[in-house]
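Please take a moment to look over the chains before reading on.

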Amino acid sequence: MKLNTGFFAIWLILFCLQPGFTQATQFEVQRPGKRAISRSIKKVFIDPGNINDTADKLLLKSEVMAALKRRLNKMGRFDVIIGPPAGFDPNRETVAVIQGDIISGGEVDQGQLTEKAECKSGISGLVGAGTAGNSSNQGITFSRRGMLCKLPTMESRLVEKGLSMGLSLLGVQEFPRYDEVVRVYKYKNLSLFAQVNLSFTQIGTNRETLTIRSDAASFSRHTVSPGSYHNVRESGDNAPLIWFWFRFTPIAPVVIREIGVVRATNPDSYRARWYEKVAPNIRDIDPKEKKEILSQLVHKTLTQFIQTISPYRTLIQTEVASGGNDRAQKMIEEGQYQKARDLLVSATTPDDLYNLGLTYEAGATTIEDYEDAMQLYSQALAKKPNSALFAQGIGRMEFQLRAHKNVRKQAAN
Amino acid sequence: MSHEIVDVKCRLSIWRFALFIILMSIFVSGCAPKIRLKVVRPAEVSTTGIQKVAIGNFEVVSINRVFKVERDGQWQIKKIGLTPEQEKALSNQIRARVVNLLSTTPYFQLVYTDEFKQLENDAALQKLIAAGGYRTSEINAVINGRIWLDVTRINSSEIDKVDLEYVQGGRENSFNYTVQSLVYWPYKSISGSLALEMKMTRLNPNEIISVTFDTRQASYKLGGKPAGFGDQIASGMQAAGQALASGLQDRNASSGIEESNLVLPNFDQIVADLSESIAAQFARRVSVTQVEVSYAIATGGNKSATLLIEAGAYEKAIEVLNETLARADEKNPDDIYNLGLCYEAIGEFGVALVTYNDAIALDSNNLIYAQGIGRIERMKREKRRIADQLTRKN
């Protein structure tokens with residue numbers, strides 16, 4: 001009947017040993033495009049004249065076209081040309097043209113905010129301030145009594161509590177000094193946004209738009225200037241006066257309204273307006289980094305469009321079965337699927353059969369590879385019927401085969 | 001005396017054990033195996049016979065962009081206008097989000113022709129349709145829209161008191177007090193409100209099938225007075241919900257692009273988010289859509305089949321369950337129910353209903369078997385509408 005932490009720990013270990021908790025490996029696999037595009041379309045034109053950039057404030061047009069060309073060519077399904085559709089006979093050849101709009105923009109916002117922070121003495125206060133500064137990139141200020149002030153974070157609270165408990169277990173009792181302060185600081189926000197609307201139209205004996213997509217991506221960064229943190233009111237500001245009052249007149253509250261108003265936080269006050277003009281020491285985004293971010297935005301906005309019209313490579317997360325051929329397992333983990341397949345060609349144990357199936361799935365170039373993988377996963381499950389891992393493999397393959405069937409059905413229509 | 005202490009300890013242990021069992025039951029029931037299926041839901045309006053749809057113009061009726069600055073109670077209001085090119089780009093942006101959602105429903109074929117897009121407004125479109133003066137002949141319907149947009153940015157401050165605690169420290173029960181101070185808490189906010197009227201007009205015979213008018217609002221704030229306890233709980237739960245939702249998303253969908261919740265979204269971003277939300281509502285109204293549902297798997301049957309169903313391997317599970325049931329002298333109703341579930345998952349609803357009936361005949365008190373029958377019966381009732389809507393492809 002006795003419940004103790006040991007019992008709970010054993011239960012937790014057993015729970016975490018479930019398949020969902022075991023370590024999985026990521027595989028890059030190839031999937032067919034989501035829309036059936038006729039095999040007769042081999043040439044695709046990205047028409048710059050029909051890509052509207054009126055609202056492209058970040059000037060992403062050339063990057064969008066170059067990335068689209070690069071990624072589609074890489075998959076090998078289409079031969080992509082940047083330029084208006086030309087040099088083909090529409091009665092003999094069917095080509096496709098990509099056109100659309102690019103909408104992009106960015107904003108920089110600078111300002112000053114107010115926050116309430118706490119300052120604590122002692123080892124736990126010191127370590128807590130360090131933790132808060134480290135985990136949230138905030139500025140640490142000093143109170144008049146020489147304590148470090150920080151906006152507490154969950155990490156800093158945990159560290160402080162843990163340290164206090166540890167010290168009291170060692171017999172060291174802390175009675176720290178404690179102040180609360182109001183402080184102001186400066187920030188700079190950057191946000192970037194991109195939306196790409198693209199259509200894919202076939203041109204041949206008939207002209208038909210096969211798909212259209214509109215995808216957006218955004219980037220945002222909040223930067224504070226640690227050096228701009230500045231205490232404007234401390235709880236200890238009037239401590240001697242209050243101590244004196246209580247010593248002789250132990251009646252509360254003390255009502256001195258004007259002393260209570262923190263004027264320095266009013267954005268219209270002289271001090272705040274002066275402080276606003278002081279240039280914040282916040283590093284602007286590096287041009288090289290900005291280029292990288294814009295490239296990421298373009299990449300994200302194009303991904304769904306590319307996956308709709310072309311085969312694409314994607315990551316799946318699954319385990320490699322660990323009870324079979326060790327060398328083959330390692331090869332699969334390293335992405336050497338063909339070598340692993342050669343090693344496992346005469347596999348008989350369920351784990352080896354599953355891993356062999358995995359080599360077909362990961363390196364699939366045709367739908368038959370999925371059928372082979374499915375067969376091998378089924379053989380593995382027949383030998384080890386209670387394996388969730390093998391069942392998941394079959395589930396993945398059934399999904400892919402169903403998707404392929406749907407694509408074929410759409411193409412037939 | 002010692003006997004009483006032992007008794008109290010024992011009772012405490014029983015309570016702890018009971019609590020543990022209750023928590024575990026909640027946990028286990030939450031983790032009961034389920035399958036997620038996609039089922040089709042009929043459109044709210046009848047769009048029978050409509051297969052090819054053109055998207056017309058999205059007319060900008062009004063756009064208000066206002067920037068408000070407050071200092072010491074004095075407000076300065078500045079209106080920021082858009083050029084005609086910017087208005088056109090905005091209209092295209094919203095139109096594209098609508099097209100995007102409609103193009104993902106496989107039951108409409110969107111026809112991209114500039115003929116209807118170039119018309120200035122709804123009146124011009126309706127006039128063209130009424131006169132039958134359009135050139136693009138194979139289109140069954142046209143969707144067009146009207147846009148009202150308000151975006152307000154505010155730069156102001158809130159005044160609120162704050163308690164500041166002081167502890168002298170150095171010894172137990174040292175001198176301490178709390179003072180109240182009146183603090184200005186500067187903030188910036190952006191709020192947007194988008195109203196979108198969307199109209200679907202059938203061509204030949206000419207009729208307006210659906211007119212929807214939806215509004216969406218969103219507001220974001222940076223800074224301001226510290227959140228109260230209730231607000232902290234609410235925002236914590238919201239953050240947890242968002243984290244859970246993003247965890248359920250496809251791995252590829254996560255962008256890996258840095259985003260901070262301490263940055264206000266810009267104008268284009270707000271417009272994109274609001275228009276997507278309204279477009280989703282419109283798509284549900286006029287098109288057959290797929291919704292994801294979660295159904296319980298019976299756990300008392302063949303373990304291997306249960307694993308296969310959980311993994312989405314329905315066809316293999318059917319094979320395993322058929323073999324198991326053929327071999328068994330006494331058929332397990334859970335296996336029969338799971339077999340029905342597999343048929344339901346692959347869209348064989350008739351076979352699924354027969355199978356669920358077989359399961360309930362063996363165990364008439366089982367709720368999940370009855371739920372299976374209920375689902376298929378409901379689907380049959382809706383099926384006439386769905387079939388009607390789906391036949392437009394033929």
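Of the 394 residues in chain B, 32% are buried, where a residue counts as buried if 20 or more other C-beta atoms lie within 10 Å of its own, as exposed if 12 or fewer do, and as partly exposed in between, with C-beta atoms placed from the backbone. This is a predicted model, in which local features need pLDDT of at least 70 and side-chain atom pairs count only at pLDDT 80 or more, while totals for chains, interfaces and linings use all residues. Residues are numbered from 1 along each chain as its sequence is written, and chains are lettered from A and ligands numbered from 1 in the order in which they are written.

Chain B holds 11 helices and eight strands, these being DSSP runs numbered from the N terminus, with at least four residues of H or I for a helix and at least two of E for a strand. If one takes the contacts in chain B between residues at least 6 apart in sequence, 72% of them join residues at least 24 apart, a contact meaning that the C-beta atoms, placed from the backbone, lie within 7 Å. Chain B is divided into domain 1 (41-156 + 190-240 + 259-287) and domain 2 (297-393), with bounds that come from an automatic or database domain assignment, and the C-alpha centres of these two domains of chain B are 41 Å apart.

For chain A, the assignment gives domain 1 (43-104 + 192-215 + 286-309), domain 2 (108-188 + 224-277) and domain 3 (312-412). Helix H2 of chain A, residues 61-75, spans 22 Å from its first C-alpha to its last, close to the 21 Å expected for its 15 residues, the expected span being 1.5 Å times one less than the number of residues. Which residues of H2(A) are buried? They are A:Val64, A:Met65, A:Leu68 and A:Leu72, and they lie on the same side of H2(A) because they cover an arc of only 95° around the axis, as judged from the directions from the helix axis to the C-beta atoms. Among the elements that cover these buried residues are strands E2 (43-52) and E4 (95-120) of chain A.

Those strands also pair, a term that requires at least two DSSP bridges between them. E2(A) and E4(A) run parallel and are joined by five bridges, with A:Phe45 opposite A:Val97 in E4(A). E4(A) is also joined to E7(A), in the antiparallel sense, by 26 bridges, and here A:Cys119 stands opposite A:Asp179 in E7(A).

Methods:
Contact = placed C-beta atoms within 7 Å.
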